[in-house]
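Here are some notes to read alongside the model, written with its side-chain packing in mind.

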Amino acid sequence: MLLALSPLPEEIDRGYLGRVMRMNGYRNLAGLSDAITELYQVEKTAYGRSWNDLLCKVSEMPSEKFTQRHTTLPLRRCITSYFPEVVHGGSARPAITAKNTVQSNYVAAFFCEQCAQEDIAFHGMSYWRRDHQTQGQLWCAKHAVPLSCTTESDAMLCSPAQAASNAKPIPLTIVQEAQENAFVQRYLELVAAMYERVAPLDVCKIAPALRDRAKLRGFQANPGPVRAALISDHIRNAYPFSWLERVFPELTHKSHGVFLPQIDGALYMRKSSSSTVAYLLVLAVLFDTADEAINALQVSHSGALVSTARQRDAQHALPADDELIKRYISARGDISVSVWPTHIDRRRRS
């Protein structure tokens with residue numbers, strides 16, 4: 001028999017896995033995996049063992065609910081070109097969930113010491129929170145203190161309290177600089193909004209909105225030789241260097257005026273998406289508020305927004321054939337008048 005545990009609020013999947021393993025007395029994941037597979041009769045799949053499937057069985061939660069509440073997949077997959085119609089944790093493409101959840105390759109694990117103390121007092125144990133593992137989240141949103149981090153191998157299989165002896169807090173000066181930066185705050189607000197989405201945004205649908213907004217702000221929004229300001233240069237100057245170095249180090253190494261495809265390409269790529277972090281960094285400088293950016297994305301994704309390029313095409317379109325014949329007869333063969341007077345006049349003035 002296994003002790004079935006409910007995930008705690010905002011508990012990250014890897015930390016939940018470690019807690020299930022410890023509370024059931026297992027010393028390694030292999031033994032736990034075999035026990036869950038046998039007890040719940042979990043069938044083997046073509047893509048191998050899925051910890052997400054196993055944890056959904058233990059927690060008695062549907063895959064969609066568990067994935068959306070306890071994994072980082074809603075953030076990492078928030079803007080994609082790869083099956084964007086599939087909800088996070090959806091059964092239509094189980095391999096997406098199986099291969100991209102319950103990560104073990106965390107370079108460092110982050111926690112708030114004050115949260116850990118409060119969790120022990122309230123829950124009887126400390127646990128790892130999902131939001132604390134987000135790139136760019138250097139402090140606890142609840143207590144406004146620097147997060148502590150440990151680089152111990154697979155630290156989330158233990159509790160934060162157990163990892164505290166080998167953990168170090170993020171330097172206060174770095175945290176304060178980030179807290180005072182409006183673009184960092186906007187970026188984190190966008191992160192929170194992406195965690196709330198049940199399905200990703202289709203990069204093909206939102207790319208025109210990013211391109212049009214970038215052009216309005218004077219940034220180059222097309223590939224080729226650099227002929228306008230690069231948004232990658234603007235981002236490099238807008239965010240604190242020490243914060244950006246932790247979030248997107250490639251930006252801190254680039255030279256001014258040099259095209260950075262991962263960032264500058266986010267303004268026009270439609271068939272392949274850049275990383276989530278790249279898009280959120282871009283959105284935070286393109287729009288004045290997080291709400292404005294979110295609304296623009298939603299409108300564009302729903303199809304209600306028509307890009308300026310399509311608007312221009314519509315303005316320059318010729319009338320229907322029947323209308324052209326009527327105008328031609330009315331103008332007695334004068335094409336300059338009958339085709340589209342305003343269109344001809346506009347071209348002459350230009």
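**Notes on the packing**

1. Leaving aside neighbours within four places in sequence, Tyr 187 is in contact with Gln 135, Gly 136, Tyr 239, Trp 243, Val 247, Val 277, Leu 280, Leu 281 and Ala 284. Please keep in mind that this is a predicted model.

2. Tyr 187 also belongs to the largest nonpolar core, which has 56 residues. Tyr 187, Ile 235, Tyr 239, Trp 243 and Leu 281 are the residues with the most contacts inside this core. Two or more residues come from each of helix H9 (172-179), H10, helix H11 (203-216), H12, H13, H16 and helix H17 (290-302). H16 gives the largest share, ten residues.

3. Helix H12 (residues 231-238) deserves a look of its own. Its buried residues are Ile 231, Ser 232, Asp 233, Ile 235 and Ala 238. They pack against helix H10 (182-196), helix H13 (241-247), helix H14 (249-253), helix H15 (261-264) and helix H16 (276-286).

4. Now to the aromatic rings, where the count comes to six pairs. In one of them, Phe 183 and Tyr 239 have ring centres 6.0 Å apart and planes at 55°, so this pair is tilted. Phe 183 lies in helix H10 and Tyr 239 in the loop between H12 and H13, 56 residues apart, so the pair links distant parts of the chain. Are these two partners buried or exposed? Phe 183 counts as partly exposed, at 22% relative accessibility, while Tyr 239 is buried at 3%.

5. The rings of Tyr 187 and Trp 243 have their centres 5.2 Å apart with planes at 80°, so the pair is edge-to-face. This pair, too, links distant parts of the chain, with Tyr 187 in helix H10 and Trp 243 in helix H13, 56 residues apart. Both residues are buried. Ring pairs join Phe 183, Tyr 187, Tyr 239 and Trp 243 into a cluster.

6. Finally, the strands. An open sheet of three strands is ordered E2-E3-E4 and pairs antiparallel. Strand E2 (109-111) and strand E4 (168-169) each have a single partner strand, so one side of each is left without a neighbour in the sheet. Three bridges join E2 to strand E3 (residues 148-150), and Ala 109 stands opposite Thr 150 in E3.

Key. Residues are numbered from 1 along each chain as its sequence is written. This is a predicted model: local features need pLDDT of at least 70, side-chain atom pairs count only at pLDDT 80 or more; totals for chains, interfaces and linings use all residues. Side-chain values use heavy atoms; hydrogens and water are left out. Buried means under 20% relative accessible area, exposed over 50%, partly exposed in between (1.4 Å probe, protein chains only). Helices (H or I, at least four residues) and strands (E, at least two) are DSSP runs, numbered from the N terminus. Contact means heavy atoms within 4.5 Å. A nonpolar core is a set of buried Ala, Val, Leu, Ile, Met, Phe, Trp, Tyr and Cys residues joined through side-chain atoms within 4.5 Å. Two strands pair if DSSP finds at least two bridges between them. Rings of Phe, Tyr and Trp (its six-membered ring) pair if their centres lie within 6.5 Å; planes under 30 degrees apart count as stacked, over 60 as edge-to-face and the rest as tilted.
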